Structure formats: structure tokens, C-alpha cells
Amino acid sequence: MTMTAQREGGGGGQVERYTGGGSSGLAEVIELILDKGLVIDVFVRVSLVGIEILTIDARIVVASVDTFLRFAEATNRLDLYGKGKGGKDLTELTQGMMEGGAKGKTSGVLEGAVEKVDDMLNRGRERREPEEEPAPRRRPRPRRREDDE
Amino acid sequence: MGLITGLLTLPLAPVRGVVWMAEQIRDYAEEQYYDPVNIRAELERVEEARQTGELTEDECTEWENELLRRLMHPPQR
Amino acid sequence: MTATYVYGLVSSDTELPPDLSGLGPSGRVTTVTHQRVAAIVSDVPTDRPLGTRDDLIAHERVLDTVAERTAVLPMRFPAVVEEAGVVKELLAPHEERFVEALSRLDGLVQFTLKGRYVQDAALREIAEADDEIMALRERVRDLPEDASYYDRIRLGELVVTAMEQLRDKEGRWVLEQLRPFATDVSTRQLAQPDEVVNAAFLVARDDAKRFDDAVDEVGRALDGRVRFRLVGPLAPYDFVPEGRPWG
């Protein structure tokens, strides 16, 4: 086994690793073995021993009003500065990143950009969002002091 | 007197309307309940609870099996 | 009549890894061979319907453990046949097709990469770059909740649209960075606006480390903005030939 269980992303990269199975969660497993994998005619013709065949329809998820409200609320809860240079810089840098080719150059630019945002926001990242944001459920969050325009 | 007469002569339609509404609500609730997308989102929440230790392993497994039952045996419409 | 559970198909010269654990009462996993192909099989629980968490995980674990070393065509869950049918109805009639599919997957494993925005970081970037969003946000904050309903929907819609545009671009970039390290890529539908990437990569077993390093690079490049999750090595679920038996 060359790839073993979870290891920290080297050099601070935010990549969680799983070898599948229980470690990555049941939802993950379901996404693989219920939706994908071989399905062939024979399973219909051969008499199955009283076991139902499942058809899980591929759901086309269209952004709905619930989604809009959820994101509106998240946007409201943010602590924002007025639209300033910092925000623009990141967008510009992102543009540059998209167009840029070389991997090394790209990493450097973005790391710089992220640092800039960090400085700007001037709070340590006390809290990370959990990896899987549960959909509509609200988290009680401490109300933060609103900045002046 | 007039009020009671009025009530007695009300057509049945609003009552049917209420029943119809209740059915719509129930259908929608059922749809949501059996929606694979929702079930999978709920499975992810269980996984979180497992990671944080909010629920015991047994509680998580029981919840997951319940969700799987729902996923695999939606009512035939 | 005995029921047999089929996990997947391998070439007949495959030696199964030693500690596979099946979902049936015996726990044993073996193979049934027909000429050039073999089915990975086990017994089936008889006292209850299939579909518990343990069943699903057992199915996946058997397949992904085998896939670490050798090409396997994974079955969708659940895959139950009559014992006699394994050769007669599954392997014999389709041997050619299975051999061909297996040879195409020879030496390859799947990795699935998911990436999602760190929500506050993405929202901040989006809001601060857009006057309309900022203005609407202020408006909504000043109004009581029921009065602001439609404004909130509008605000959400603007934010979601912007986020989807951003993630489309960044998602494409991520794929471009990783494509050179994979034989094939299969993208899955993104369900939420803050999902940046959800894709399966078919990678040569020998290249797995290089691919992994490339994912790390991408993770570093987007550190603080996107959180990634890499699952694998897996059986090539996303790369099996299509073949729906109904509809």
C-alpha cells in the first residue's frame, strides 16, 4: 500500500486525505457505490433474491430561494470593510492567477495575495469553517462589532 | 342568527381547499423527507457529529441506518 | 437457490489481498472464475435486507483494497445474483466486454478530489468587489426581517451568481493544473454554489505520488480560500462503461 491513511498536507496546504471507506464518511461511499459502478442487464434478468434494485435519480440541483436566503444571511453576518484596495487586489491577482501559466509563479502570487488578505483582516483566523458546511442549519455565532463605513 | 345562517350556507370548497392544502404540505414534506440530496446532506451531518464526538458511534450508526432505509425505500408514488 | 453477492470483476489471474472482509455471515470473500475473468464474491445476509452502513462500507472496502493493487470493475450496490448465474449469466455472456474494460483500466486507480470555498473568505472577496451587494447588504441590515425578505433573496441571488462565476473559473483552473498528471478526468455535477471542484481522476498507480504532490500544490495555491479533500486510491467507479438495464 503506497498511500496510507490520512496525513497532514505538507507545507500548510489545506488538503485532507482519505483512503475511502468509513474514514471518508458514508455520504462519500454512497456517492461512489450507489451512483456509480457497473450495472448490467443480467441483474434484471437473473432472479434476485427478494432484493430491490435501487434507482437513485441523478438530481439536478438548481439554486433555489433557500440557497439565496442562506447565502444572504452568511453575507450579512460577515464583518466587512468598505470596498477598498485590498478586495480589488485579490480579484486582480486572481485574474492574474487564472491567466498565468507556470505553476511556481502561480503559487507565489496567490500565497502573496492570501497573506495580504490576512493582514488586511488583521485578525488571526480563530475559527475555520467546518469542512462540510451543513446546508440550511444555522450556527449560533458571536455577533461581531460592526465596522464603520 | 344571520351569522349562523351564513355559516351553514358556506360552500364546501374552502374545506376541500384546506384538505388540498394539507395534502400539498404533506406531499412536499414527504418529498423533502425522501429527497436523496437531503438525506445525503443529513448523512454528512451525522459524520460531523461522529468526528466531534457529539454523538456516540452507536448513535451515529443507528441514525445512518435509518437514513439509508429512507434512501433505499422511498414510498412508491 | 443460493444468493451470491458480487463486488466487482477482475482478470482471472488476480490474487486477492488476504484480509478482505465480506458483508455476508461468513465474512469470507473469494472468486468465481470463468476463462479470462473472475467475479469477486461472497455470501449474502439472509435474515435481513441489504443496505446497512456496514453493507455499504464492506462493499466499498473490498473494492478499494483490491484496487490498490490491480484493475477491478466495481459493481454498483447492491449486486446479488443466483450462485449459478455468476458464470452462466454474468461472466460467460460478457467475458469479452469485461476483458476489454479491464485492460483499459490496467495499472490505473481513481482519486476523487473535492474542493469547497472557505465560506467567509469567498463571501468577503465577493462582497467587497461589488457595490450592489454592499449596498443591498446595508439595506437589509437596517430593515426588520419580514420587511427585508425580497431584498435578502435578491442579495443572496447576487452573491450566489458571483460565487458561481468565481468557482467556475477557479474550478477550471484546478482541473487544468491536475490534468497533466492523470490519464482521464471525470467531473461530477457541482451541487452547491460554494463547491469549487468535484472530480474523479484516473491516475497510473506509478504516478500516484506525483499526482498527490500536484494536489498539494493546488492546495497551497488556494490555501485559506478553498478546502480540499482527496479520497483514494479507489476502484475506478467513475470510469466504468455505461450500461443501464432499464430506461
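Student: Where in chain C does Q35(C) lie?

Tutor: In this predicted model, Q35(C) sits in the loop that runs between strand 2 (30-34) and strand 3 (37-42) of chain C.

Student: Why is Q35(C) called exposed?

Tutor: A residue counts as exposed if 12 or fewer other C-beta atoms lie within 10 Å of its own, and Q35(C) has 11 such neighbours inside 10 Å, so Q35(C) falls in the exposed class.

Student: What makes the phi of Q35(C) worth a remark?

Tutor: Most residues other than glycine have a negative phi. Q35(C), which is not a glycine, has a positive phi, near 50 degrees.

Student: Which peptide bonds are described as cis, and what are their omega values?

Tutor: Most peptide bonds are trans. The bond from F77(C) to P78(C), however, is cis, with omega near -5 degrees, and P78(C) belongs to the loop between strand 4 (73-74) and strand 5 (80-82). The bond joining G232(C) and P233(C) is also cis, with omega about 0 degrees, and P233(C) lies within strand 9 (residues 226-234).

Student: How many helices and strands does chain C have, and how do you know whether chain C is spread out or compact?

Tutor: Chain C has 6 helices and 9 strands. Its radius of gyration is 23 Å, whereas the globule rule gives 18 Å for 247 residues; the value is well over that figure, and therefore chain C is more spread out than a compact globule. Along the principal axes, the C-alpha atoms of chain C fill a box of roughly 70 × 40 × 35 Å.

Student: What share of the residues in chain C is buried?

Tutor: With the cut-off set at 20 or more other C-beta atoms within 10 Å, buried residues make up 52% of the 247 residues in chain C.

Notes: Residues are numbered from 1 along each chain as its sequence is written. Chains are lettered from A and ligands numbered from 1 in the order in which they are written. This is a predicted model: local features need pLDDT of at least 70, side-chain atom pairs count only at pLDDT 80 or more; totals for chains, interfaces and linings use all residues. Helices (H or I, at least four residues) and strands (E, at least two) are DSSP runs, numbered from the N terminus. The radius of gyration is taken over C-alpha atoms; the globule rule is 2.2 Å times the number of residues to the power 0.38.
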